[in-house]
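This report describes the strands, core and domains of a single protein chain. The sequence and structure are shown first, and the description follows.

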Amino acid sequence: MTRFVDQATLDALAGHGGKGCRSFYQDLWTRHPIPDGGDGGAGGQVIVRSTPQQTTLLDFQTRRHFRAGNGGHGSSKKKHGARGADCLIEVPLGTILSDAATGDLIRELLRPGDEVIVARGGAGGVGNAAWAKSRGSSHAMGRPISPLSLEGAPGEKRRLRLELKLLADVGIVGMPNAGKSTLIGRISAAHPKVAPFPFTTTNPVLGAVTLPGGRSIVAVDVPGLIEGAHRGKGLGLAFLRHIERTRVLVHLTDMAGVDGRDPVEDFRALNAELKAYHPAVAAKPQIVVANKMDEPTAKGNLARFRKSVKAAVLPVSAKTGEGVSKLLDKVEEQLKKLSEQ
Ligand SMILES: Nc1nc2c(ncn2[C@@H]2O[C@H](COP(=O)(O)OP(=O)(O)OP(=O)(O)O)[C@@H](O)[C@H]2O)c(=O)[nH]1
Ligand SMILES: [Mg+2]
């Protein structure tokens, strides 16, 4: 299984401007030397663009340096140097780009094809052919240079910080073993590993879900949380960044209380962890779901759970599929309500 990487730092170096040329053409008739040196080409830019083809920042673990091509030098007969080749860095949708040195946000890339120039190429130097006619005015592209400089300007250099927050409409949260992966496997084409032990899922998993009304949305299964996650217990809260942008949470609780667990305790503890991570995450609308209702112990627990939880509780079995279509109705209703607000 590929490793899921959601943070990276990289260096972007734009191309330097090519040198302007100093050369003279000897006029046969007047014997006057006529300057005919061409301009240097501008350096290439470093551009970051989002694409749905990428889903993690894994590539940037092995490749950290990105540089665009330098501009070509000018030559005699007023020949301009070629523009340096741009360097394109493709990142997943949901990438937040900031300047690593200042911490300033550059841009969030949310839609396919969103792009931003992160390092500008240097302007090409000015060839002497242009000196006479353009005295005092710069005609070169890119970063400003002295109008009469043969030297090209250096390309911009920038250290970038990338942080990925997946874009999903619904986040499925719950204690380890609650059945989150079983559920996403049932409602989407995603098939993360399912096993009867905690922390089976170690990476967030996205799945496209078709709602009863025909609309397609994205759900994310995040690794299980346990009490103390905000102090780094279990897998900690590192993956909760991926539910920050969801609109609705499906809070799944194992109602069968496998391994002697208490569903009421689990529910309370998970909400406390969400709150410890960020109050805004804890404040997201939750659809409270009682899972594993096919197990004999679940019924008794459900009655007790309903009494202590002050919310509507939806009983399902992710394993048999019972109640799952009702859950999708609820998700659809909740998303509709939010979009009307
Ligand atoms: N009886 C019953 N078992 C279920 C149900 N849903 C999941 N299970 C079982 O519970 C165990 C854990 O299921 P997973 O889907 O891996 O749980 P998870 O919440 O993704 O677990 P982590 O990835 O470890 O956080 C597996 O043995 C599943 O077969 C259910 O509705 N009924
Ligand atoms: Mg799982």
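## Val-46 and the nonpolar core

Leaving aside residues up to four places away in sequence, Val-46 touches Ala-12, Ala-14, Phe-66, Ala-68, Cys-87, Ile-89, Val-118 and Ala-119. The model is a predicted one. Val-46 is among the residues with the most contacts inside the largest nonpolar core, a group that also includes Leu-162, Ile-172, Ala-219, Val-220 and Val-289. This core comprises 64 residues. Because domain 1 (7–164) and domain 2 (170–340) both contribute residues to the core, it lies between them.

The chain is divided into these two domains, domain 1 covering 7–164 and domain 2 covering 170–340. Their C-alpha centres are 48 Å apart.

Val-46 belongs to strand E4, which spans residues 46–50. An open sheet is formed by three strands in the order E6-E4-E9, with mixed pairing. Strand E6 (87–91) and strand E9 (115–119) are the edge strands, each pairing on one side only. From one strand to the next the twist averages 30°. The pairing of E4 with E9 is antiparallel and extends over four bridges; within it, Val-48 stands opposite Val-116 of E9.

Strand E1 (residues 7–13) shows alternating side chains. E1 pairs with strand E10 (residues 157–164) in the antiparallel sense and with strand E5 (residues 65–67) in the parallel sense. Asp-11 has Arg-159 as its bridge partner in E10, and Leu-13 has Arg-67 as its bridge partner in E5.

Gly-171 stands opposite Val-220 in E13, while Ile-172 stands opposite Val-250 in E14. Both Ile-172 and Val-220 are listed among the core residues with the most contacts.

| Strand pair | Sense | Bridges |
|---|---|---|
| E4 and E9 | antiparallel | four bridges |
| E1 and E10 | antiparallel | seven bridges |
| E1 and E5 | parallel | three bridges |

## An exposed loop residue

Thr-320 is located in the loop between strand E16 (313–315) and helix H7 (324–340). Is Thr-320 buried or exposed? Thr-320 has 12 other C-beta atoms within 10 Å; a residue counts as exposed at 12 or fewer, so Thr-320 is exposed.

## Confidence

The chain has a mean pLDDT of 90, and 94% of its residues reach 70 or more. Over residues 135–144, however, the pLDDT is below 50. In the model this stretch has 27 contacts beyond near neighbours in sequence.

How values were computed:
Residues are numbered from 1 along each chain as its sequence is written. Chains are lettered from A and ligands numbered from 1 in the order in which they are written. This is a predicted model: local features need pLDDT of at least 70, side-chain atom pairs count only at pLDDT 80 or more; totals for chains, interfaces and linings use all residues. Two strands pair if DSSP finds at least two bridges between them. Helices (H or I, at least four residues) and strands (E, at least two) are DSSP runs, numbered from the N terminus. Axes are lines fitted to C-alpha atoms, for helices over the stretch in contact, and angles run from 0 to 180 degrees between N-to-C directions. A nonpolar core is a set of buried Ala, Val, Leu, Ile, Met, Phe, Trp, Tyr and Cys residues joined through C-beta atoms within 7 Å. A residue is buried if 20 or more other C-beta atoms lie within 10 Å of its own, exposed if 12 or fewer, and partly exposed in between; C-beta atoms are placed from the backbone. Domain bounds come from an automatic or database domain assignment. Two residues are in contact if their C-beta atoms, placed from the backbone, lie within 7 Å. pLDDT is the predictor's confidence in each residue, from 0 to 100.
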